[in-house]
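The exercises below ask you to work through strand pairing, helix packing and a ligand shell, one step at a time. Keep the sequence and the model open while you read each solution.

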Amino acid sequence: MTADIIDGKAFALGLRERVGKQAAAFTARTGRQPGLAVVLVGDDPASSVYVRSKGKATAAAGMQGFEHRLPAATSQADLIALVDTLNADPAVDGILVQLPLPGHIDERAIITRIDPDKDVDGFHPVNAGRLATGLDGFVPCTPLGCLMLLRHQLGDLSGKEAVVVGRSNIVGKPMAALLVKESCTVTVAHSRTHDLAGVIHRADIVVAAVGVPRLVKGEWIKPGAVVIDVGINRTEDGLVGDVDFDGAVSHTAAITPVPGGVGPMTIACLMRNTLVSACRREGVAYDANALG
Ligand SMILES: NC(=O)C1=CN([C@@H]2O[C@H](COP(=O)(O)OP(=O)(O)OC[C@H]3O[C@@H](n4cnc5c(N)ncnc54)[C@H](OP(=O)(O)O)[C@@H]3O)[C@@H](O)[C@H]2O)C=CC1
Ligand SMILES: Nc1nc(=O)c2c([nH]1)NC[C@@H]1CN(c3ccc(C(=O)N[C@@H](CCC(=O)O)C(=O)O)cc3)C=[N+]21
């Protein structure tokens, strides 16, 4: 079997272009650009790289970026004060506080402080609740990007057996919620799962979001399955995913590479959510079909 290598980078570029067109229309209509504030506390090098690529994508899409880099020793009270300022700033449509935060800051206290209607990461419990109950809100960018790639590859997902490995609030759980919404039969596996190989072998769709390099082996995968690898692991042999790509590729119908798969989709979906936020806040219509 020769697998399709799903080109997330190309798909993401296309999405960013469509977002850019609608951002230009928004600017013509309202006299201001959609605005995204990104907050980085500390100087973790990986986080710095992401923040820089978010800044570039924001400018390229014709949106205004507000970057706030704070020292690692910033107090929780000061970070909350910044979030309050951004919540109140009419030029800011989206707020992203880069995670992880330094250990002395309670992430939940920060995430819950962000105005849910500016929470373009979709991490606020109000948005998690909206997703779980079928209301409009913001869907976390990484699972949203994974869903777009799956629909592009497979079309209708209804009735498919999907296994999500990982149950974090930012990837695994919202991914499972989205797949339930698509009428998949969904299993969520995690570190306490017995017989992960057996569980994965049932799946038509595997989404791996674990953070363990090459955990998912090729022979665990049902021939013809579609595999989405969310993992970003820095190892001695460079950036690798949570799936053993070389072992898996001959078992799958299609698979995302790392890098060049899900990562670029995360950034494109952040641009998408920021545009949608700006349109909702200004009561401007947008073409949702062009943003999926
Ligand atoms: N491409 C992108 O844009 C993004 C990539 N990532 C990457 O995705 C990966 C996951 O991220 P995130 O969800 O934040 O990670 P977390 O560490 O928050 O969650 C990892 C999940 O994997 C489970 N897990 C850990 N070890 C095993 C194991 N041996 N077998 C089965 N399940 C296991 C954990 O189980 P338990 O709950 O029991 O502890 C947990 O639910 C990371 O590599 C991260 O870098 C993350 C965000 C965006
Ligand atoms: N509030 C918040 N929101 C996030 O969305 C968020 C976060 N915090 N913290 C960290 C994770 C991780 N994340 C990635 C984004 C892009 C790539 C990406 O573009 N990756 C490239 C490779 C980049 C590289 O070489 O490192 C690729 O996979 O091709 C990866 C990972 C967003 N996250």
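**Exercise 1.** Find which residue stands opposite Ile205 in strand 7, and state which way the side chains of strand 7 point.

*Solution.* Ala162 is the residue that stands opposite Ile205 of strand 7, where strands (E, at least two residues) and helices (H or I, at least four residues) are DSSP runs, numbered from the N terminus. The model is a predicted one, in which local features need pLDDT of at least 70 and side-chain atom pairs count only at pLDDT 80 or more, while totals for chains, interfaces and linings use all residues. Residues are numbered from 1 along each chain as its sequence is written, and chains are lettered from A and ligands numbered from 1 in the order in which they are written.

Next, take the pairing, for which DSSP must find at least two bridges between two strands: strand 7 (residues 205–208) is joined by four bridges to strand 5 (residues 161–165), and these two run parallel. Four bridges also join strand 7 to strand 8 (residues 225–229), again in parallel, and Ala208 has Asp229 as its bridge partner in strand 8.

Finally, Ile205 and Val207 point one way from strand 7, whereas Val206 and Ala208 point the other way, and all are buried (20 or more other C-beta atoms, placed from the backbone, within 10 Å of the residue's own).

**Exercise 2.** Which residues come nearest to ligand 2, and which element gives the most to its shell?

*Solution.* Of the 18 residues around ligand 2 (C-beta atom, placed from the backbone, within 6 Å), those that come nearest are Gln98, Leu99, Pro259, Gly263 and Thr266. Helix 2, strand 4 and helix 10 (262–282) are the elements that give two or more residues to this shell, and helix 10 gives the most, with four residues.

Key. A residue is buried if 20 or more other C-beta atoms lie within 10 Å of its own, exposed if 12 or fewer, and partly exposed in between; C-beta atoms are placed from the backbone.
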